Amino acid sequence: MMAGLPIVVALPFVGLLLLSGFWASRRYARFEQLPGHYDIAGNPTRMAPRRTMVWMLPILFSLVLLTIATFTALIPREMQNGEPAIGALVGGVSLVAAQMFVLWLTERWARSQP
C-alpha cells in the first residue's frame, strides 16, 4: 500500500468542499448575512456574515479531512486497524454530504427571501 494513499483519496473531497464555497459565494452574493444556525426543524435561528458562512464549513471540513488523512498516513501500518484509504473515503463522503445538507438548508432559506 502506498503510504500517502489516504491523502490522495482525500484531495478530491477537499476540492469539492472548496468548490462548494466558491459556488455559495457567487450564489448568495446578494445577501449580507446568511443563516449561521438552524433549529431542529431546519429554520434559521441566528444570522452571520455571508463570507463567514460561505467559507467556514468548507475550510473547516477540508482541514479536518486533511488532518485525519495525514495522521493515518503517518501512523505505522502495524498500529492501524483497517485500511486507512477507506477511512479517508468514508470521511470525505460524510463531510461533503454534511456540506450539501447545509447548502440545501441555505438554499431553502434563500428562496423564501424577497
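## Terms and model

Helices (H or I, at least four residues) and strands (E, at least two) are DSSP runs, numbered from the N terminus. By that naming, glutamate 107 is found in helix α3.

The model is predicted: local features need pLDDT of at least 70, side-chain atom pairs count only at pLDDT 80 or more, and totals for chains, interfaces and linings use all residues. Residues are numbered from 1 along each chain as its sequence is written, and side-chain values use heavy atoms, with hydrogens and water left out.

## Salt bridges

Side chains of opposite charge can pair when their charged atoms come close. A salt bridge here is a side-chain nitrogen of Lys or Arg within 4 Å of a carboxyl oxygen of Asp or Glu. By this rule the count comes to two salt bridges. One of them joins the side chains of arginine 27 and glutamate 107, at 2.5 Å from N to O. Because arginine 27 lies in helix α1 and glutamate 107 in helix α3, the pair ties together parts that are 80 residues apart in sequence.

A salt bridge also links the side chains of glutamate 107 and arginine 111, at 2.9 Å from N to O. These two are four residues apart in helix α3, so about one helical turn separates them. Through shared partners, the salt bridges join Arg27, Glu107 and Arg111 into one network.

Residues are called buried under 20% relative accessible area, exposed over 50%, and partly exposed in between (1.4 Å probe, protein chains only). Arginine 27 is partly exposed, with a relative accessible area of 35%, and arginine 111 is exposed, at 66%.

Glutamate 107 can also be placed against alanine 24: their C-alpha atoms are separated by 9.3 Å, and the residues are 83 residues apart along the chain. Helix α3 also holds proline 84, which is buried, with a relative accessible area of 7%. Proline 84 and proline 6 are 78 residues apart in sequence, yet 5.9 Å apart in space, C-alpha to C-alpha.

## The largest pocket

On a 1 Å grid over the protein atoms alone, a pocket is an open set of points where a 1.4 Å probe fits, with protein on both sides within 12 Å along at least five of seven lines; lining residues have an atom within 4 Å of a point. Grid points are joined across faces, edges and corners, and a volume is the space filled by probe spheres set on the points. The largest pocket holds about 260 Å³ of space. It is lined by 21 residues, of which Tyr38, Leu57, Val102, Leu105 and Thr106 are the closest to its centre.

Strand β1 (33–38) and helices α2 and α3 (84–111) each supply at least two residues of this lining. Helix α3 gives the most, with six residues.

## A nonpolar surface patch

Leu16, Leu18, Leu19, Phe22, Ile59 and Leu63 make a nonpolar surface patch of about 580 Å². The elements that give two or more residues to the patch are α1 (5–27) and α2 (50–74). Helix α1 gives the most, with four residues.

Patches are made of residues with over 30% relative accessible area and no salt bridge: like charges are joined within 9 Å, nonpolar side chains (Val, Leu, Ile, Met, Phe, Trp, Tyr) within 5 Å. Accessible areas come from the Shrake-Rupley method with a 1.4 Å probe; for residues, only the protein chains shown count as cover. Phenylalanine 22 lies in helix α1 and counts as exposed, at 52% relative accessibility.
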